[in-house]
Amino acid sequence: MEILKYTDEHHEFRKRLRTFMETEVIPNIDQWETDHIVPKEAWRKMGRAGFLCTWASKEYGGQGLDFLYSVISTEEMAKTNHTGLAAMLHSDIIVPYINSFGSEAQKKKYLPGCISGDIITAVAMTEPDAGSDLAGMRSTAEMDGDEIIINGAKTFISNGINADLAIVAAKNPLEENPYQALSLYLVEDGTPGFTRGRHLDKMGFHSQDTAELFFSNCRIPKENILGQPGMGFIMLMQKLQQERLMCAIGAQAAAELMLKWTIDYCKTHHDAAGKPFSKSQATQFALVEMMTEIKVGRAFIDKLICEHAAGENVVVETSMAKYWTTDLAKNLARRCLDLFGDFGLTEDCPLARGFRDVRVMSIFAGTNEVMKGIAAKFMGL
Amino acid sequence: MEFNLSKSQKEIQKAAWEFARGEFDKEMIIELSKAQKLPDGIVEKSAELGFIGIHFPEDVNGGGMGLFEFVLVAETFCRKDSTLGSALMFSGYAAECILRNGDPALKTKFLPQIADGRITSTGAFLEPNQGYDLTRISTTAQAIGDDWILNGKKTFVPCGNTAGIFIVLCQTDASATPPAAGMSLIVVETASPGLSVSRVSQNLGGRMLPFCDLAFDNVRVPGAHLIGKPGSGYALTQNFFTENRIQIAGLALGTAQGAFDRALAYVKQREQFGKKLAQFQVTRHKLAEMAASIETARYLTYHAAWRFDQGKVEPHQASMAKLMATRAAMSVADEAVQLLGGYGYMTEYEVEHFFRDAKQAEIFQGTPAAQKDIIADGIIGKLK
């Protein structure tokens, strides 16, 4: 019995998306990994084909599709074994802020471009001294007549180089309570005072343009505040459930893909004596254990997808799922790589990239230690 | 029981640390790793100070020390940098085959060149789609006159693109039963006509130790380049693997220690939620686990190296050291990445390459499962 009720339309969408990936994405990935960025044209192609922000309503040029389409998009992207074209981040984590909290004018101005792929988005929260601890944020936003002046430095910003529009978190220096000082602002590429720092080198996510962003007396019109002043934390809290669930879905899908490759490899390759690897008892047990974990994870994730789509509060469970699935993906990558032997040590083995890529998942969107802290709090501990 | 390092061992450790501190430049290492190259002149410099060939006798320009001292240097170098450290300690890879089994003329011909840093050596044992089971191989060496003529393909040859000599496992007697009884080790110089590097792989870890594929097409080698007796190749290769697993345990031990050092320094300085990370109980317990696994790996590795030098190491003892030290390196480097958070994933903060290098150590020269097979053979013995 399937937990998720996919319709024929969902299956049809998945098929179309897979074809798109096979023709427009997968053939280019090696180049994007070398370039450390995805060309903007790829985003536009994806948007034009109807694969960005599938949930957005028709009045802004969207399709008004349900949450399962977001799930499908995230899973299919994970199956491409690359992270640069960060459609899930854009479609299901960042743009929803504009949709939920933006004014009608902001929505009219930005949503059509976000849907078509003409506007690539980034969210700028993390700072050199404020990672998971957002209260430690130092960036400031000060009113000056009809304008807001933003100053500060952000780091580890995904889509940092490509971003046409950044949602920037900054504090009102006049407000002492750090939780009430935080607001979100929309800053367009090209605004004077908004510059890119370094394009950061990292273990994996090579096709993803992770960068530093700097704001130096960056003036934006006061209309560019997103939502109500001082509501930054509340808005972030409201969106974290979906953000963490999306991370968990991505990690689960990545783990499923890596295990599939490994099983295929063990069945089709043999030792020097001609015995397939999959006939070794230790290998069999390892694969069985990992498949069991995959199935446990899948049941948990699918249940959370149902509950989230139904609008239920599953903050605790999504925190648990984020930590559990990202640890699963990390540990499974390590174990699967062993089964490939020396071949797993070269980048010719697709799992080598997977091994490098999934390592960040237990860190981003709140480290797994933070996830456990949240769960502990909600469990009344 | 004596657990202290001797005065000269402490001096070696100190000298290795000072050398690494002076020569291992972080930015340079990160840059050269992308090109899978070693810094210019570093092999020569470390050879000059006696770190390469430290376990060779003095009459071939070695340090006259044992495998234990090799392990101390490997640990120290990798503590400073796992990528460059392991590449340097592999600059004499498989030269031990000559060292332990070669006749005096062969030793005199090649070992001083390695100990002086003039050439590097590597081993060509594995073959495509073969794994570490070398009971059947396809590379052949035929005796023609006084020479050997080699034909075949080898794979996963570390630094095959820069090595001066190759220690090649080949079938010298096709009629031997079992086939392993007809294998021999032969030294091939890189300039030999017919020898080519057909591929250099991009590595996941160990990016200064690229794996190469070699092709031998009627490569002519002097008969005197045979190591030991004809037909001894399989056994000598297994002996070398045992020795090399202890060496890798030493590299992994340093990799674990280096990742730990960086994580410890970070959590003592980084503040989140109003206190130092080192003040959180969970951080403290992570550090405790890391430190405990490093100590476990250290004594197992030191003990295996010491037994080797006493001439009484068993293959399963080397495999235990390799299994546990590389596991420690993986888990410690993994936790170091986690403790550094986003910085841990960034190239600039180094622990990400310690993590990848640890994975290389864990898989190369036999995966954890392969080590367990060897350990099980050693502890179970023959069943009635």
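So, the interface: 34 residues of chain B are in contact with 32 residues of chain A, where contact means C-beta atoms, placed from the backbone, within 7 Å. Keep in mind this is a predicted model, where local features need pLDDT of at least 70, side-chain atom pairs count only at pLDDT 80 or more, and totals for chains, interfaces and linings use all residues. Residues are numbered from 1 along each chain as its sequence is written, with chains lettered from A and ligands numbered from 1 in the order they're written.

On the chain B side, α10 (315–340), α11 (342–345), α12 (351–363) and α13 (368–380) each supply at least two residues. Helices here are DSSP runs of H or I, at least four residues, numbered from the N terminus. The largest share, five residues, comes from α12(B). That side splits into 13 nonpolar, 15 polar and six charged; Ala, Val, Leu, Ile, Met, Phe, Trp, Tyr, Cys and Pro count as nonpolar, Asp, Glu, Lys and Arg as charged, and the others, Gly among them, as polar.

Okay, over to chain A. The axes of α9 (residues 315–340) and α10 (residues 350–358) of chain A come within 9 Å and cross at roughly 155°. Axes are lines fitted to C-alpha atoms, for helices over the stretch in contact, and angles run from 0 to 180 degrees between N-to-C directions. α9(A) and α10(A) are therefore roughly antiparallel, the label for angles over 145 degrees. Who's touching whom? From α9(A), residues including A333(A), L337(A) and F340(A) meet a set in α10(A) that includes L351(A) and F355(A). That contact has eight nonpolar residues, one polar and two charged.

Methods:
Parallel < 35°, antiparallel > 145°, perpendicular 65-115°, else oblique. Contact = placed C-beta atoms within 7 Å.
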